[in-house]
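Here is a short report on a structure that may be new to you. Read it with the sequence and the 3D view side by side.

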Amino acid sequence: MELIQERPDNKNIFYPPGGLMIWIIILLELVTFGLGLIGFAYYGRMEPALFHESRLQLNIGLGTVNTVVLLVSGYMMASAVGCYRGGGKKRAIHFLKWTLLGGGIFICIKSFEYYEKFTSSIDMEDNMFFTFYWLLTGFHLVHVLVGMVILGWMLYKMRPVDTDISVDDLESGAAFWHMCDLIWLLLFPTLYLIF
Amino acid sequence: MKNQLLLTLTGLIGLTLLTGLVLIFEWSMFGLLAVFFMTVAGVKFYLVAFEFMELAKANRFWKVTLMAICFLILTVVSLLAI
């Protein structure tokens, strides 16, 4: 099946890479998380000692590893889109599998981190720091899960020889996945490093 | 294209490791360190958005809006953390 098709002009304001709807979602998500982070920093300014002590209970090593894992999976996703656009479906599938693996590793590491907190009896009601920690990281984790479902569905649709998805669909899925990267890049330093 | 992506990934991982190194050494001036961390986050955000997400190909409206939101979040959080 021919994959190369007429591409919309991405310089047109109504046709950003991935489509208009996903970009509206991305902006709304960034604003939502941004307000959460500003709220977190505001309360941190009110109670700096509490926030510093609480921050020290987070596992910065695991947070750093998770950052690298998400960045590598973002690279795999971008490579998958590049290959698929050029007609290299097999390589695109290969890269998509690595992207999903990256998402899976992120979830495993995050789950271990949550397990550590549970066994230390640190929950959402502990203090304001951990209320924000659980809400923001939990909400982000849900986005990673949703991204994996979207990419998994695309992989499922791409695998048979006689079926394909459009490049636009893959670009939309990729934009959603990169949004998870972008949000984590803001969450990680704010929650794990600055207080 | 592929080399460009790989170069971007190397830069991103380098910046992440640099953040870790700075934290390990626990250099003083913690308020300024917060600004450093948020600046590095801004650079990483830019690289992911423009190289991986292909924001560079999009209309100027999307570039300006996305980066303005990022700048606003990072600036306000940095100011509150100093």
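## Salt bridges

Lys110(A) and Glu113(A) form a salt bridge, with their closest N and O atoms 3.1 Å apart. A salt bridge here is a side-chain nitrogen of Lys or Arg within 4 Å of a carboxyl oxygen of Asp or Glu. The model is predicted: local features need pLDDT of at least 70, side-chain atom pairs count only at pLDDT 80 or more, and totals for chains, interfaces and linings use all residues. Residues are numbered from 1 along each chain as its sequence is written, chains are lettered from A and ligands numbered from 1 in the order in which they are written, and side-chain values use heavy atoms, leaving out hydrogens and water.

Lys110(A) and Glu113(A) lie three residues apart in helix H4 of chain A, so about one helical turn separates them. Helices are DSSP runs (H or I, at least four residues), numbered from the N terminus. Both Lys110(A) and Glu113(A) are buried. Buried means under 20% relative accessible area, exposed over 50%, and partly exposed in between (1.4 Å probe, protein chains only).

Over all chains, the salt bridges number four. Among them are these:

| Pair | Closest N to O |
|---|---|
| Arg85(A) and Glu171(A) | 2.6 Å |

Arg85(A) sits in helix H3 of chain A and Glu171(A) in helix H6 of chain A, so their bridge ties together parts 86 residues apart in sequence. Glu171(A) is buried, at 5% relative accessibility. Glu54(B) is buried too, at 9%, while Lys57(B) is partly exposed, at 36%. A network of salt bridges links Arg85(A), Glu171(A), Glu54(B) and Lys57(B).

## Core

The largest nonpolar core holds 96 residues. Such a core is a set of buried Ala, Val, Leu, Ile, Met, Phe, Trp, Tyr and Cys residues joined through side-chain atoms within 4.5 Å. Ile26(A), Met77(A), Tyr133(A), Leu170(A) and Leu66(B) touch the most other members. H6(A) gives the largest share, 18 residues.

Beyond its neighbours within four places in sequence, Tyr133(A) is in contact (heavy atoms within 4.5 Å) with residues including Lys110(A), Glu113(A) and Leu191(A).

## Cysteines

How many disulfides are there over all chains? The count is zero, taking a disulfide as a pair of cysteine sulfur atoms within 2.5 Å. For Cys108(A), the nearest cysteine sulfur is that of Cys180(A), 16 Å away. Cys108(A) is exposed, with a relative accessible area of 53%. Cys180(A) is buried, at 0%.

Technical notes: Helices (H or I, at least four residues) and strands (E, at least two) are DSSP runs, numbered from the N terminus.
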